[in-house]
Amino acid sequence: MQIGELAKRSAVTVQTVRFYERLRLLPEPQRKDSGYRVYSEPDLKRLLFVRQAKSLGFSLDEIREILRMRERGHCPCGDVISIAQRHLRTVEEQITQLSKFRDGLSQAVKQWKRSGKQTISADAICVLIERTFQSDKIQKSKRQPLKFRLTL
């Protein structure tokens, strides 16, 4: 099959296939006399593997190493488990941080709603946000600063 069919069957773009080739995630394909790349079912299987590993949170470098281990005749499954456990710990930490962020934002919104109609202050941009500076200073001694910030 040619690159367009490989890309379509694996639900990626042609540019992604070429990118993965440059990164050595896919082997260099054979070429027709005309110069067109020619792919086989094992290439499709490998590309689908790369997509699935990415969807599970593996980096392209991690995927490359997994593929290299397999090419050397080693079973990479033990390493896959270790990497996945590390990623799981990171995700759990992020969930904890996001939960703290959600709780803090929820508290701020409740406070802002209770404060009633706001008026323009000569020395403030938005008193609602600026009031949270004070509560942040008080609570910093109780907690670590959040890594996630609300951005619009």
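R86 is partly exposed, with a relative accessible area of 41%. Here buried means under 20% relative accessible area, exposed over 50%, and partly exposed in between (1.4 Å probe, protein chains only). This is a predicted model: local features need pLDDT of at least 70, side-chain atom pairs count only at pLDDT 80 or more, and totals for chains, interfaces and linings use all residues. Residues are numbered from 1 along each chain as its sequence is written, and side-chain values use heavy atoms, with hydrogens and water left out.

**Salt bridges**

The structure holds eight salt bridges. The term means a side-chain nitrogen of Lys or Arg within 4 Å of a carboxyl oxygen of Asp or Glu. Three of them are tabulated.

| Pair | N to O distance |
|---|---|
| R86 and E62 | 2.7 Å |
| E21 and R37 | 3.0 Å |
| E65 and R72 | 3.2 Å |

R86 lies in helix α5 (residues 77-114) and E62 in helix α4, so their bridge ties together parts 24 residues apart in sequence. Helices (H or I, at least four residues) and strands (E, at least two) are DSSP runs, numbered from the N terminus. E62 is buried, at 12% relative accessible area. E21 and R37 are both buried. E65 is partly exposed at 34%, whereas R72 is exposed at 51%. Salt bridges also link E5, R9 and E41 in a network.

**Helix α2**

Helix α2 spans residues 14-22, and its buried residues are V17, Y20 and E21. They sit on the same side of α2, because they cover an arc of only 105° around the axis. The arc is taken from the directions from the helix axis to the C-beta atoms. Exposed Q15 and R22 are on the face turned away from that buried side. After α2 comes R24, with a positive phi near 70°.

α3 has 15 residues and reaches 21 Å from its first C-alpha to its last, close to the 21 Å expected at 1.5 Å a residue. The expected span is 1.5 Å times one less than the number of residues. Its buried residues include D43, R46 and V50. G57 follows α3, with a positive phi near 95°.

The largest nonpolar core has 19 residues; L6, V17, L47 and I63 touch the most other members. Such a core is a set of buried Ala, Val, Leu, Ile, Met, Phe, Trp, Tyr and Cys residues joined through side-chain atoms within 4.5 Å. α3 gives the most to this core, with four residues. Beyond its neighbours within four places in sequence, L6 is in contact (heavy atoms within 4.5 Å) with M1, V17, Y39, D43, L44 and L47.
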